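Colleague: I have just opened this model and would like to check the labels against their definitions. Shall we go through them together?

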Amino acid sequence: MIRRLPLFTLPLVLAACDAGRPVSPEGPSTGAVTLKGKRFDVQLVTLERERKRTLPSLPAAADGKGTLLCWPRERFMKLEPREARASFDVAFLDLSGKVVELGFLEAGDPRGIMPSVEAAYVLLVAPKSLAAAKGDVADLSPEIKAAKPQELPLVRIGDVEARVELALTEAERQHGLMHRPRMSADDGMLFAYTYDGRRSFWMGNTLIPLDIAFIKTDGTIVNVNETPTYPNPENPPTPYPTSDSKGEARYVLEMNLGWFKRKGLTDAAGQLKPGLKAVLPPEALKGSD
């Protein structure tokens, strides 16, 4: 996980809920997953803002009931249960419905849970109700197959694209990528503030070495830092080194280490190619107060 300086107080924007469950205005809201002969009637969560914030609103699942978080592609997704009200058995499924990993999500665990392989669905059901094994294939109902889950917001730099999770609030920015052991190749996280300012990030509890780009309101990239992790991320050195902007920035983009070089956006010395600007998603441009 990553703490960041400075931090500003912003209220959390909550997803719309109905009886404690998120409501999606797009596509079907319910479906069924049958696994090892057992049917689970599931609430579908397909929008990014809901996928991020559904866990705190979920009550304990009744037997035969559950929640299915859906993405349009297989990726490394992170479940953050710090404020979760209940614990769940978890099955990570690929696009075909095959179980690629099983786990247990404990309410309040600050580390959360992430699969070791990429997945497209996360099935959350009551503890001890999932009698499945890795490699089992779930039967997904027609409603699930017909659903069109929302992609992550898009950042474009020149002709290069990245899909990003957004950190818009104080809590989201402070938590960042903490305790996350891996990230898909072209996925990242975009931190949005409400004004340009000097930004300084530290790598406490951050397990992934990162490229950190600092971006002005108009999309101008101020600088890109290749930022390794601390030798022991859970016990940072004192004083701890930080990754800093070289000027004022409103947005901060974190990608896997070396991403900017691999995409041809920086040269061998890490210098940005001239004329590059970032085109940022509308959700980030709106900011959050």
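Modeller: Gladly, and let's start with strands: two of them pair if DSSP finds at least two bridges between them. Please keep in mind that this is a predicted model.

Colleague: What makes strand 4 and strand 10 a pair?

Modeller: Strand 4 and strand 10 (residues 139-140) are joined by two bridges. The rule asks for at least two, so they pair. They run antiparallel, and Thr-34 has Asp-139 of strand 10 as its bridge partner.

Colleague: And what makes strand 4 and strand 5 a pair?

Modeller: Here there are six bridges, between residues 30-35 and residues 38-45, again in an antiparallel arrangement. Strand 4 and strand 5 form a hairpin, with two residues between them.

Colleague: Why are strand 8 and strand 10 called edges?

Modeller: The open sheet has seven strands in the order 8-7-9-6-5-4-10, with mixed pairing. Strand 8 (99-105) and strand 10 each have a single partner strand, so one side of each lacks a neighbour in the sheet.

Colleague: Which strands are at the edges of the other open sheet?

Modeller: That sheet also has seven strands, ordered 16-15-18-13-12-11-19, and its pairing is mixed. Strand 16 and strand 19 (278-279) are the edges, as each pairs on one side only. Further in, strand 15 and strand 18 run antiparallel and are joined by six bridges, with Asp-211 opposite Met-255.

Colleague: Leu-210 belongs to strand 15. Is Leu-210 buried or exposed?

Modeller: Its relative accessible area is 0%. Buried means under 20%, so Leu-210 is buried. The C-alpha atom of Leu-210 is separated by 5.1 Å from that of Thr-227, 17 residues away along the chain.

Colleague: What kind of peptide bond joins Thr-238 and Pro-239?

Modeller: Omega is about -5 degrees there, and the bond is cis. Most peptide bonds are trans. Pro-239 is in the loop between strand 16 and strand 17 (243-244).

Colleague: Now the rings. What kind of aromatic pair do Trp-259 and Phe-260 form?

Modeller: Their centres are 5.0 Å apart and their planes make 80 degrees. Centres within 6.5 Å count as a pair, and planes over 60 degrees apart as edge-to-face, so this is an edge-to-face pair. By this rule the count comes to five aromatic pairs. One aromatic cluster is formed by Phe-191, Phe-201 and Phe-214.

Colleague: How do you know that Arg-199 lies over the face of Tyr-193?

Modeller: Arg-199 is 3.8 Å from the ring centre of Tyr-193, and the limit is within 6 Å, together with within 35 degrees of the ring normal. Arg-199 also lies over the face of Tyr-195, at 5.2 Å from the ring centre.

Colleague: Which residues touch the most other members of the largest nonpolar core?

Modeller: Ile-157, Leu-190, Leu-253, Trp-259 and Phe-260 do, out of 22 residues in that core. Strand 12 gives the most to this core, with four residues. Leaving aside neighbours within four places in sequence, Ile-157 is in contact with residues including Ile-221, Leu-253, Trp-259 and Phe-260.

Colleague: Last one: how many residues reach a pLDDT of 70 or more?

Modeller: The share is 89%, and the mean pLDDT of the protein is 88. Over residues 1-27, though, the pLDDT is below 50; beyond near neighbours in sequence, this stretch has 98 contacts in the model.

Conventions. Residues are numbered from 1 along each chain as its sequence is written. This is a predicted model: local features need pLDDT of at least 70, side-chain atom pairs count only at pLDDT 80 or more; totals for chains, interfaces and linings use all residues. Side-chain values use heavy atoms; hydrogens and water are left out. pLDDT is the predictor's confidence in each residue, from 0 to 100. Contact means heavy atoms within 4.5 Å. Rings of Phe, Tyr and Trp (its six-membered ring) pair if their centres lie within 6.5 Å; planes under 30 degrees apart count as stacked, over 60 as edge-to-face and the rest as tilted. A nonpolar core is a set of buried Ala, Val, Leu, Ile, Met, Phe, Trp, Tyr and Cys residues joined through side-chain atoms within 4.5 Å. Buried means under 20% relative accessible area, exposed over 50%, partly exposed in between (1.4 Å probe, protein chains only).
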